[in-house]
Structure formats: C-alpha cells, structure tokens
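Reader: Could you take me through the fold, and then through the surroundings of the ligand?

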Amino acid sequence: MSADPELPAGAADPELPAGAAEPELRAASAADLDALHALETRLFASDAWSRSMLREELTGELRSYVVLADPETGAVLGYAGVLTVGTEADIQTIAVVPELRGRGQGRRLMRQLLATAAQAGAREVFLEVRADNPVARGLYDSLGFAEIGVRPRYYQPDGVDAIVMRHELKDT
Ligand SMILES: CC(C)(COP(=O)(O)OP(=O)(O)OC[C@H]1O[C@@H](n2cnc3c(N)ncnc32)[C@H](O)[C@@H]1OP(=O)(O)O)[C@@H](O)C(=O)NCCC(=O)NCCS
C-alpha cells in the first residue's frame with residue numbers, strides 16, 4: 001500500500017493537537033494479528049470477530065487492511081479493511097482507539113480504503129453500520145455514503161438493526 005495520499009510527506013496533520021505525533025498509516029500483515037485481536041475484543045465487545053476470522057481477514061484474497069501505528073512504539077492505534085470483488089467493495093471494519101478519536105484518523109482510514117477500492121477496480125462501496133452508532137454514521141454520511149436499506153435485528157445478541165449504505169466512486 002502506498003503512503004497516505006492526502007498529506008505530503010512530512011506534513012503535519014492539522015487535526016492533531018500540537019505536539020502529538022502523527023500516527024503512521026501502513027499496510028497490515030499477519031504479524032498484526034495479536035494487536036488487532038486485542039483491540040477488536042476491547043472495542044467491539046459483543047460484535048467482536050474471533051481470532052480466526054481476523055486471521056482470515058488479514059491473509060485472505062481480495063482484502064486490504066491498514067493500521068494506524070504509533071511512530072515511536074509501533075503500538076497499533078486503529079485499523080480498517082476493505083474487500084473488493086470486481087466492481088463492488090465492502091468496508092469490512094474500521095476502528096480507532098478511544099484516546100485518538102475525534103482527530104480525523106477515522107476519516108483518514110476511510111479515505112485510504114476508498115482509494116484502495118478504487119485502485120482495485122471498484123465502482124461502488126457498501127457497508128453496514130449499527131443503527132445505534134451515530135458517530136460512525138456521521139463519518140460515512142460526510143464521505144458521501146447514502147442509506148439504501150435496513151437489515152432488521154442484524155446485530156446479535158443485541159438485536160440492533162444494520163443500516164446498509166452505499167457510496168459511488170466517481171472517475172478521477
Ligand atoms: C467510528 C470511528 C472509527 C471514527 O473515528 P474517529 O477517528 O473518531 O473519526 P474522525 O475524527 O475522523 O471523525 C470523522 C467524523 O466522524 C463523526 N464524529 C466523530 N466524532 C464524533 C462525535 N463524538 N459525535 C458525533 N460525530 C462524530 C463526524 O462526522 C466526524 O466528522 P467531522 O470531524 O468533520 O465532524 C471511531 O469512533 C471508532 O473507532 N468507533 C468504534 C468502532 C466503530 O464503531 N466502528 C464502526 C463500525 S461500522
């Protein structure tokens with residue numbers, strides 16, 4: 001994966017507070033499995049994917065995962081992935097550690113996934129989001145995703161609806 005396309009090399013992220021080191025955005029690999037599994041369990045609770053599912057995501061064909069890493073310690077601070085099949089892509093997951101939220105890093109991850117999907121030939125990108133997750137829905141809305149349907153009680157055991165959203169990739 002190439003470096004973050006939205007910032008020139010060495011540029012400071014205007015959304016990070018002064019003095020905070022810009023997290024590194026890099027391709028994920030199987031070596032990140034332990035870190036992702038620990039974060040997944042912590043951040044998604046009852047929706048968390050198992051270790052074997054995450055291994056499949058990190059090593060499976062057609063998938064592209066990225067991580068945000070602390071440039072000094074290497075600690076993983078966020079991750080996201082996309083699956084592209086032909087002209088359709090699916091956002092598989094996205095998460096940022098609570099300490100780093102609200103500083104533009106979720107948007108940065110999403111933009112990278114959209115760029116990766118477009119590069120892989122996708123024309124449209126789909127995702128599912130919990131109806132009770134206004135922060136993620138706000139992020140997707142602002143990136144041009146539109147609601148196209150609802151899967152009732154999709155998230156179990158909580159019985160929460162999934163909102164299905166679609167984003168059309170424009171020619172660049
Ligand atoms: C969803 C998530 C990845 C967003 O990451 P983030 O780094 O906080 O997001 P950003 O700082 O890039 O903010 C992007 C947009 O999200 C929305 N947003 C962020 N924080 C918000 C808040 N506290 N309240 C409402 N909307 C918020 C806004 O639309 C924001 O755009 P803006 O800054 O232009 O207003 C993060 O909250 C997270 O990891 N949540 C837990 C896991 C999760 O729910 N994943 C999504 C599964 S579908």
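**The sheet and its ligand**

Author: This is a predicted model. Seven strands form an open sheet with mixed pairing, in the order β1-β2-β3-β4-β5-β7-β6.

Reader: Which strands stand at the edges?

Author: Those are β1 (24-27) and β6 (146-155). Each has a single partner strand, so one side of each is left without a neighbour in the sheet.

Reader: And what does the twist average from one strand to the next?

Author: The twist averages 25 degrees.

Reader: Do β6 and β7 run parallel or antiparallel, and how many bridges join them?

Author: They run antiparallel, and six bridges join β6 to β7, which spans residues 160-168. Among the paired residues, Val150 has Ile163 in β7 as its bridge partner.

Reader: Which strands does helix α1 touch?

Author: Helix α1 (residues 33-44) packs on the sheet and touches β3 (76-85) and β4. Its direction makes about 95 degrees with that of β3.

Reader: What about α3?

Author: Helix α3 also packs on the sheet, where it touches β1, β2 (63-69), β3, β4 and β5 (124-130). The direction of α3 makes about 25 degrees with that of β3.

Reader: Turning to the ligand, how many residues surround it, and which are the closest?

Author: There are 19 residues around the ligand, and the closest are Arg101, Gly106, Arg107, Gly138 and Leu139. Two or more residues of the shell come from each of β4 (88-96), α3 (105-119) and α4 (134-142).

Reader: Which element gives the most?

Author: That is α4, with six residues.

Reader: What is the shell like by class?

Author: It has nine nonpolar, seven polar and three charged residues.

Key
Residues numbered from 1 in each chain as written. Predicted model: local features only at pLDDT ≥ 70, side-chain atom pairs only at ≥ 80, totals over all residues. Near = placed C-beta within 6 Å. Helix = DSSP H or I, 4+ residues; strand = E, 2+ residues; numbered from the N terminus. Nonpolar A, V, L, I, M, F, W, Y, C, P; charged D, E, K, R; others polar. Pairing = 2+ DSSP bridges. Axes fitted to C-alpha atoms, helices over the stretch in contact; angles between N-to-C directions. Contact = placed C-beta atoms within 7 Å.
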